[in-house]
Amino acid sequence: ATPTALMAGVGRGGQLGILIKGPDALEASGVIDTVVLDKTGTLTSGEMGVREVVPAAGGDAAAVLAAAAAVEARSEHPIARAIGRHAEQVGVDAAPADGVRAVPGRGASGTVAGQRVLVGNASLLAEHDVAVPEAVTAVVAAAEEEGCTPVLVAVDAVVLGTVVLTDRLRESAAEAIARLKALGLRTVLLTGDNASAGEAVAHAVGVDEVIAGVLPTEKTAVIERLQAEGRVVAMVGDGINDAAALASANLGLAVVSGTDVAMKSADIILVRRHLGVIGDAIVLARRTLRTIR
Ligand code: ADP
Ligand code: MG
């Protein structure tokens, strides 16, 4: 690998909206055989929306939303932002809760008017020994079946109801995946969200394999397992709790809306919103490596 050819490749990448940190990253891109993609904020817009607020029996939708919005008020998570926006739109005002704690991959908790509020998935509630009524479990299952993301809301260990969220696919996702497959790459969707939501996105965009329900701390282990199977792995994420996975992949690609953490742990930063840049980066690397052999 001549340094001159590699540096030229890095320069060419810049023109294409692919910021390559250095020649090593370019060399790594040329030998990738598997591309792992984060779901929320990468294959989807990350701009989630509230589709429905479903109170538990005898409950009130506004109370569900108020409790959820109070706990999510200061969080940057796409779920939290969607809940906050929705509360504002329907005129439910929620003062921020006290003692808010984020539970990565599960949800958040906090105190509202002296009561303990939990907002998150079934495993968050299980962790706090909160029993979920059968009717609520049915709402959750139906939402997941439709590819949505249900979030449960509990106050003082009683489930108040469910907020059902949806996300939009990025317009360029299907085309970008088709391109990666045409390049002979195996594509894998990795998400902390439920399996049905993962499958729905994977099916819509043509991703080969889904690994769902993965905690942020487990994403690295998934990458390492693929590597142990002999795969050379690129990870594409937005950096919201996938920075460690970006760093442990053979090649980490961060989409531009990513956080500073993602920028640091990524080898390549994709500046253009069109996901086709993932394929562009790999083609560029392969061409550059070919010219220098
Ligand atoms: P992804 O892998 O899609 O980026 P995360 O790891 O951030 O997803 O979250 C996984 C799951 O954890 C979400 O689908 C949701 O059920 C729950 N969760 C995470 N953060 C929150 C939050 N702030 N509020 C409610 N639920 C959350
Ligand atoms: Mg994420």
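What share of the contacts in the protein with a separation of 6 or more is accounted for by residues 24 or more positions apart? I found that such residues account for 59% of them, two residues being in contact if their C-beta atoms, placed from the backbone, lie within 7 Å.

**Basis.** I worked from a predicted model, in which local features need pLDDT of at least 70, side-chain atom pairs count only at pLDDT 80 or more, and totals for chains, interfaces and linings use all residues. Residues are numbered from 1 along each chain as its sequence is written, while chains are lettered from A and ligands numbered from 1 in the order in which they are written.

**Overall form.** I counted 13 helices and 13 strands in the protein; helices (H or I, at least four residues) and strands (E, at least two) are DSSP runs, numbered from the N terminus. The C-alpha atoms fill a box of roughly 70 × 30 × 30 Å along the principal axes. I noted that 50% of the 293 residues count as buried, that is, with 20 or more other C-beta atoms within 10 Å of their own, all placed from the backbone.

**Domains.** I looked up the domain assignment, which gives domain 1 (3–45 + 169–292) and domain 2 (49–166); such bounds come from an automatic or database assignment. Their centres, taken over C-alpha atoms, are separated by 31 Å. In the contacts between them, 11 residues of domain 1 meet eight of domain 2. On the side of domain 1 that touches domain 2, α9 gives the most, with three residues.

**Core.** I then examined the largest nonpolar core, which has 94 residues; a nonpolar core is a set of buried Ala, Val, Leu, Ile, Met, Phe, Trp, Tyr and Cys residues joined through C-beta atoms within 7 Å. Val 163, Leu 253 and Ile 278 have the most contacts inside this core. Helix α4 (residues 61–72) gives the most to the core, with seven residues. Both domain 1 and domain 2 give residues to this core, so it lies between them. Leaving aside neighbours within four places in sequence, I listed the contacts of Leu 253, including Ala 234, Val 236, Ile 268 and Ile 278.

**Ligand 1.** Which residues come nearest to ligand 1? Of the 22 residues around ligand 1, I recorded Thr 40, His 77, Gly 107, Asn 121 and Gly 192 as nearest; a residue is near a molecule if its C-beta atom, placed from the backbone, lies within 6 Å of it. The shell draws at least three residues from each of domain 1 and domain 2.

Conventions:
A residue is buried if 20 or more other C-beta atoms lie within 10 Å of its own, exposed if 12 or fewer, and partly exposed in between; C-beta atoms are placed from the backbone.
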